[in-house]
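Student: Could we go through this structure by question and answer, with the cut-offs stated as we go?

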Amino acid sequence: VEEIILGDEIPWEEENSVPETMEGLCVEEATMTVVASEAEMIAEDGLSGTLKNGIAWVLDVNEEDASTYTLTISGEGEISFNQEEHPWWNYVSSITEVVVESGITKLRNYAFHKHDALVSVSLPDTLTELGFGVFMGCVSLKNVNLPEGLTSLGQYAFYECSSLEEI
């Protein structure tokens, strides 16, 4: 969506009635511009989608605990977000495992920032870069496998990962 225009004629269900949420609000004409971000996605069923650059993500319910999820990311290229811009943000407190599949080359700044329930991460051999604060604030994170081809590890990549036992 690039532009939404609200005109002076808004079709209400009944003449001269205004929805409760609109009472006291006068809308003559307004223009709102929405800037698409890297987290723009096409939701398929609410638990999966595709990022603007074609990288797919899926949340699968964990068999051991139906209230938690495994996030699987697949495709080719890099994952780049601003803080709290993830399309799966509503689920970060329930994601316990992340699997990044082969083809992903970079996890940019804050890719999994504040995923506080995250316990383990599996990274592919194709990964060459972990950005600034990529796992910052993942207080439950215990295990991460760093691939041999990793050439860049950003500052504060594991900051506040107080449960980290093995890299």
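Tutor: Buried means under 20% relative accessible area, exposed over 50%, and partly exposed in between, using a 1.4 Å probe and protein chains only. This is a predicted model, in which local features need pLDDT of at least 70 and side-chain atom pairs count only at pLDDT 80 or more, while totals for chains, interfaces and linings use all residues. Residues are numbered from 1 along each chain as its sequence is written, and side-chain values use heavy atoms, with hydrogens and water left out.

Student: Is asparagine 62 buried or exposed?

Tutor: Asparagine 62 sits in the loop between β4 (56-61) and β5 (69-74), where strands are DSSP runs of E with at least two residues, numbered from the N terminus. Its relative accessible area is 9%, and the limit for this class is under 20%, so asparagine 62 is buried.

Student: Which side chain does the side chain of asparagine 62 join in a polar contact of 2.9 Å?

Tutor: A polar contact is a pair of N or O atoms within 3.5 Å; within protein, one must be able to donate a hydrogen and the other to accept it, and residues adjacent in sequence count only if both atoms are side-chain atoms. The side chain of asparagine 62 also reaches the backbone oxygen of tyrosine 69 at 3.4 Å. The side-chain partner at 2.9 Å, however, is threonine 68.

Student: How many salt bridges does a search of the whole structure find?

Tutor: A salt bridge is a side-chain nitrogen of Lys or Arg within 4 Å of a carboxyl oxygen of Asp or Glu. One of them pairs the side chains of glutamate 78 and arginine 108 (3.1 Å, N to O). Glutamate 78 lies in strand β6 (residues 77-79) and arginine 108 in the loop between β8 and β9 (120-122), so this pair ties together parts that are 30 residues apart in sequence. The search of the whole structure gives 2.

Student: Which residues do salt bridges that share partners join into one network?

Tutor: The side chain of arginine 108 also meets that of glutamate 129 in a salt bridge (3.0 Å, N to O). Since arginine 108 is in the loop between β8 and β9 and glutamate 129 is in strand β10 (residues 129-130), the pair ties together parts that are 21 residues apart in sequence. Through shared partners, the network joins Glu78, Arg108 and Glu129.

Student: Is glutamate 129 buried or exposed?

Tutor: Arginine 108 has a relative accessible area of 25% and is partly exposed. Glutamate 129 has 17% relative accessibility, and therefore counts as buried.

Note on methods:
Helix = DSSP H or I, 4+ residues; strand = E, 2+ residues; numbered from the N terminus.
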